Every structure is written in C-alpha cells, then in structure tokens.
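Please look through the structure below with its sequence at hand. The text after it goes through a few places, one after another.

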Amino acid sequence: MTIPTQAQVVIIGGGVVGCSVAYHLTKLGWTDVVLLERKQLTSGTTWHAAGLIGQLRASSNMTKLARYSAELYMGLEAETGVATGMRQVGSVSVALTDERLEELYRNAAMARAFGVPVEELSPSEVKARYEHINIDNVTGGVWLPTDGQADPANIALAMAKGARQQGAVVAERTKVTCVTRDGRRITGVTWQNETGDQGDIACDMVVNCAGMWGHEVGRMLNTNVPLQACEHFYIVSEPIAGLTQMPVLRVPDECAYYKEDAGKMMLGAFEPVSKPWGPIPDNFEFDQLPEDFDHFEPILEAAVSRMPMLGSAGIHTFFNGPESFTPDDAYHLGLAPEMDNVWVAAGFNSIGIQSAGGAGMALAQWMENGEKPFDLGDVDISRMHPFQGNKRYLMERSTETLGLLYADHYPYRQKATARGVRRTPFHHHLAENRAVFGELAGWERANWFADDGQEQDYRYSWKRQNFFGNVAAELNAVRTNVGMYDMSSFGKLRVEGPDAEAFLNLVCGAEMSVPLGKIVYTQFLNCSGGIEADVTVTRLSETVYLVVTPAATRLADQTWLLRSGRERDARITVTDLTASEGVLAVMGPNARTLLQKVSPNDFSNAANPFGTAQEIELGLGLARVHRVSYVGELGWEIYVSADMAGHVFETLWEAGQDMGLKLCGMHMMDCARIEKAFRHFGHDITCEDHVLEAGLGFAVKTAKPDFIGRDAVLRKKDEGLQTRLVQFQLKDPEPLLYHNEPILRDGEIVGYLSSGAYGHHLGAAIGMGYVPCAGEKADQLLGSSFEIDVCGTRVAALASLKPPYDPKSERVRA
C-alpha cells in the first residue's frame, strides 16, 4: 500500500471510533482521508468489547446518537459484505432497591420523551422476560425491546471497508511518531511502519482516535485529552445446554451485566473501586491483562445467586482487558481548544461500540460544516480543563468512574475521588461555617450549609434529600432578608484592546457600545441563532470589558472568543482572570443595608442602578460591586482581589451577624433562579436552541448593523417561533423534578423538561422545557392542559411564559 504524502485529514487510531470517523467523512464526499493504525485494526480495546448496543442515554442527543449507531450497524452488512452480528434482542434492567427502581422508572419516563420503546416491569414480569434470573430481592425493572448486541471487531472492520470503498487509505502497522506544527495548527505527521519504512503526510486536519493512547497522542498534538486506562473484567461460561438467544440483562445493584453469546453466558462487571492500568507497553496488541480473581470474586458470588445456571457451568474464559475512562464518564468529541485543526474522538468509558456510529457521524458533520450539528455539550472536549490532564488526578479519579456507570445515579451526586484541586479564596471560611462542598470543573463549591449537630455530608435519594430543609431556609433568607454565597468559580475573562468594543459587538447579541460601568446580559450566538454562551459583560474602561461565564464553560467560552478574534484579525487579548478575584454575592431585600454598614459608598438606585458596577471601599480594603442577580432579588456581586478576599468576607460576615445574614450555597441559587425562570446554560439553552425560542429576544439588539447570528434572528422573526421555552409549576407540592421528565399537552407527550428544581418559596417543584407552538399565539399555547410525567405518574402543572416569581422584575430594582 502506498501512503500518500498529502491528505485533507489524518486519523490516528484504527479502533471502532477511528473507523467510524473515516467512514462518515467519506460518506460526506471526503476522498483525501488517511487512517493510520499503530498495529492491527481493533487491536487496542475494540476487539474485546462486550458489544452491548443500548438505545437510552442520559440526554436526548446522546440517545439520538446511540439510536443512530444501532440503525447504522443493522445496514452495514448489506453495504460492505461484512457481518456485524447486530441483533436487537432487547434488554432487561432490574432493581434490587426502591431507590434504584425509581431511577429505572424515571429513565423509562425519559425514554418515552425521547421516543425509545420502553416498558416498566414488576418482579414477575422480569421473570417472564428473563426466565433464568432469580428474582429474590428484585423490586422491578424495565424492558427496552430495541436494545441489542453485536460483534465489535466486525463493526469496525465493516466501517473500515466502507471507508476504503469510498477512497480512504487505511494503513495498519503504521505508527505516527511525531508531528510538525505551525502555531495553532498541525501541518503534517511523520509515520513509521514495522518494516522500518517512514514518511511524512502534509495535512489540513488531524483526528485523535487513539483510544487508551489518546492522552499520550494528545500531548504529541499539543492538546489535553484527559483519560486513563482501567482494567475491565468479564467471564464467559462453558456452553450451557438449552441456552438460546436471550435479552441482555443488567443488574446494576450487583454491578453486573449478562449476555448470551453462542450458547454461553458472559458476565461482566463495573465494580465500585476499579483498577487503573498503565503504562501501556509499546508492543500492546490484542493483549490481555493478568487475571485477578480475588478482585472479581464478589461479583461472581452475587452472580451465581442471581443466575443459578452459572453455579454449575464451568468458566471457559476469564478475561481482563483495558478500557479508557474520562474524569466525568462522558467521552471526548470535537475540536481541541488548544489547536485550530486537531479533533478528538476518544475516551469512550466502555460504551464505545454503542456510541461509535453516532459519534463518528456527529464529528464528521462538525468537521464538514465548522459548527456542531446539534448540542454536544455533554461530550465536547472543551469542557475539560487543563488540570484534568494531570496523571495522578486521572489515576485517582478513574478508580471511581468505572464503577459510576452502574452506581445509583442520584440527583446532585458528587464525585468522591480526586477532590480539592481548586479552592476559592473563601474556602476555609465556608468550611468553618459547616459548608457541604460539591465539585464542578475542579472547583470546590459550597452547595449547602449543614446546621449545628447535622451530618455535614450528602445522604442521596430520589426523594427529599437531607439538605432539603437547609436549602429552604437559605432561600427564605434571600427572599426575605439577606444571604451571602461564593461565586468565585464563575469564569472571568478580560477582553482588552483597541478593537474590544467592535469585536464584542460582533460576538454578542446585545449592544456593547455602552457607558463605563454598564453591565450587559447577553449571549454569544452562532450563525443559526443558537446560543454558544450565556454571559454578562461589564465595561471597565474604553478598551477593557469583563466577560463573566459559568464555571464549567469558562474554557469553551474563552476558546470561542479567541477563535472569533483570530478569524477577524481583531486587535484584542483575552485573559483568564478567574483565580485572581474572589466573588461574594450579597442578595436579598436587606442587601443594601448590609453594604452600607461596611462601605462609605452610595448604593442607591441613583448612584448604582441595576445593571451597573462601581469601585468601592469595603472595610479596610477595596472592591468592585456589580449590581446584578441570578436569584431575582436586590443584590450585588462583590469582586475583590484574592489578597483581600479573606478580609472582605470577615468584614461582611461580622457586620451581618445582627441582621441574620445567612450563608447560602449553589443549590439555593439553582432553586432561586428557576423560580425566576432564569435559564441555565447547557440545560435550558444550548447551541441548538434559538435565542428567540428560548425567550431571550430582549437580550438581542437587531438594530446593530452586524453580529454573528443576526440574519438567523431576523429570519426567525419573519417565520415565527416553532417552539417556546415554557415554565411549569406542579400543582401537587410533593413530587420532585430534576430534568428530562416528559411534558404532556392535552394528554400527548410533546417534549421534556430541560431543567427542574424545587421552588421552596413557591411551594412546589418548578421545571422548564420546550413545547412546539408552530403557528400558535401565546394564549393558544397556555390554554392547553399540561402534565409532567414523574416516574410514570402524570402530575398536573401550571404553564407560564412569564417567571412564576416576580414576573415584572421589580425586586431586583428595589
């Protein structure tokens, strides 16, 4: 085989994902595609995968990708002549506790919203679907008839053949040894094969599909791809007489899955504490790792009780092979933030087979069009922060992430490992006051505050958790008096330069030609009018603005700004100042009174109206206050340099003691914002949600001559809205909402909740979700009868297009 010296794209890695990317690029008409595999196709982790093809994932778009994979694999044999072994045998998942059953039934409701066939099962119905299971302790289950299983290696080989048929070059035993780089672009790769031949390929793009080598290859490409190989165990029994085609069975409470294969039974595990593995030997190819029966024995012991036939069947194969896991159990996809032509599809957390088809399709479309085809925020590589490439961090976190696949997926569940990496300047003050911390993007954030004598930790449940009353008290303080919480983790990007105003006017939907000190709420839009970022922008001087972003999306938002600036040769710099300033939010009807006790400055509406910032003296130090609110109350965000942060906290805390000042956490903020119908980026608003349909038209100024997305906004105004983001309040105060619960309009499922939380002040759970409304006026939409499906029970809901709390926003302007 002759390897070309030039290519439009070089794909590094020939597992199922690399083959899928090559296949889908050629389907789009790319003929200049080269895939380089260091050994033989599938020889890393694909070859030993279990081949389970699940349909239901944790979000609508991830489910869409999984369903696409299954449909693709069903048709590959006819196209390529390679049998994929794809069979839709269905799957049964069973619960052994009431908590797990609620999770399964909530997932079943979610499946209905996503259009995935599903059926809830009683214990006897579980037995009817899966005759070999011992149903002792089984509380129920769910049946997904379109789930299946397939031959992982042949799926990859079929896509490789399909890519070759469309003109791609697929070279095995050819390792990429180094690359050439020009600034933020890889301009070529150097390869060497096992016979010693070597060469160079000049290329426009590179895709890292290197699987468990993805971290190492990422470093070579000047990118951060956080993943870690872990040992993954399964056994295959000797042939069992009479065993024929069965559904896949999952018993997550025993960390186990079962798959019938050619008259044998496979038992695999996702145990709570896994074994990281590495370094990977250079000669690794179709290799197994050493057996560790002691590690697997607890799984097998439970399995013999659950599946009695295993007790008399011999073990044909005890297998231990590596799989790669990411810090958050979501795979990596997309354009790497550090480079302008390096793409990533790696780290598939043991769901690579069911994900590969959809992931390859989505990435190919993204590469073709330069924009995400739909929201991929769950897996976008730009969600990963630089510190997450730390090898010790990855090692520690991976001991937990493998097991989390089958752990109870409780709402608000926090990772337990690799914690404490990033702490705000107020961390020790909050800890001393009984803060219970959660973690986001490495930041330790006070989520709620335990009372004296109360356990200072989470006790998870699908019902009211142990912090329910604490959050209610925190919200009450903000609604009726004054509360204070730490917002230091939110991203702070300083945009500076002679073109700063013109550049931000192009990137932002709102008007940026504003007076000094003005704070503007705005979005970064894409060309379709979708929302790439949801931010506030404060003008600090003629040439300097401060962009405040959600903590999780700081890197993605900074990358969007930098790429937009480079494309337009804007004379700007973008600097991450997140760690340089602490931020305390002081919110509530008495917020002004508290600030007047600690500062000589004027906080009146005349001097410091809503949406403005000012420099102040505070205690013995200096600060800058921004009069904005994400909780819907009078208040200020106080920005203070890290060196004075402790002093500012102590000054405010001491001054607030005789006022009943209460420390609050992020859970309170979420409850408050949903009562006020403030959107949450990544849930309620994403890159595929049009800014007008999201109800944010007030933040877009089409009178500006030009900004990204302006044409799409004007088109939508002419065409009319196809869907609207609606607020819902349950009429029953008992049920809880989280997200993805189906929305029923006049008895028919029309959508699902994008987010949900309990509205303690309003006295019921609140949710938001998009409802189709083509050709309808608001009163027609709201005149319907709405229900929310909560765990299989329909609960009546009040629908509104206005915030259920303070709809005229009078309180923030008090």
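In the hairpin formed by strands β9 and β10, two residues lie between the strands, and G183 has a positive phi near 65°. The model is a predicted one.

The strands on either side of that turn can be located by number. Strand β9 covers residues 174–182 and strand β10 covers residues 185–193; their pairing is antiparallel and runs over eight bridges. To see how the two strands line up, find C178, which stands opposite T190 in β10.

Strand β10 also has a partner in strand β11, residues 198–208. This pairing is antiparallel as well, over five bridges. Here Q192 stands opposite Q198 in β11. The hairpin of β10 and β11 has four residues between the strands, and in this hairpin G196 takes a positive phi near 95°.

Is E637 buried or exposed? E637 is buried, yet it has no salt bridge. A salt bridge needs the charged atoms to be within 4 Å, and the nearest side chain of opposite charge, that of R624, is 8.5 Å away.

Which side chain makes a polar contact with the side chain of E637? That of Y639 does, at 3.2 Å.

The surroundings of E637 also include residues from elsewhere in the sequence. With its neighbours within four places in sequence left aside, E637 is in contact with M487, with V583, L584, A585 and M587, and with R624, V625, H626 and V628.

Definitions and conventions. Residues are numbered from 1 along each chain as its sequence is written. This is a predicted model: local features need pLDDT of at least 70, side-chain atom pairs count only at pLDDT 80 or more; totals for chains, interfaces and linings use all residues. Side-chain values use heavy atoms; hydrogens and water are left out. Two strands pair if DSSP finds at least two bridges between them. Buried means under 20% relative accessible area, exposed over 50%, partly exposed in between (1.4 Å probe, protein chains only). Lys and Arg count as positive and Asp and Glu as negative; His and the chain ends are not counted. A polar contact is a pair of N or O atoms within 3.5 Å; within protein, one must be able to donate a hydrogen and the other to accept it, and residues adjacent in sequence count only if both atoms are side-chain atoms. Contact means heavy atoms within 4.5 Å.
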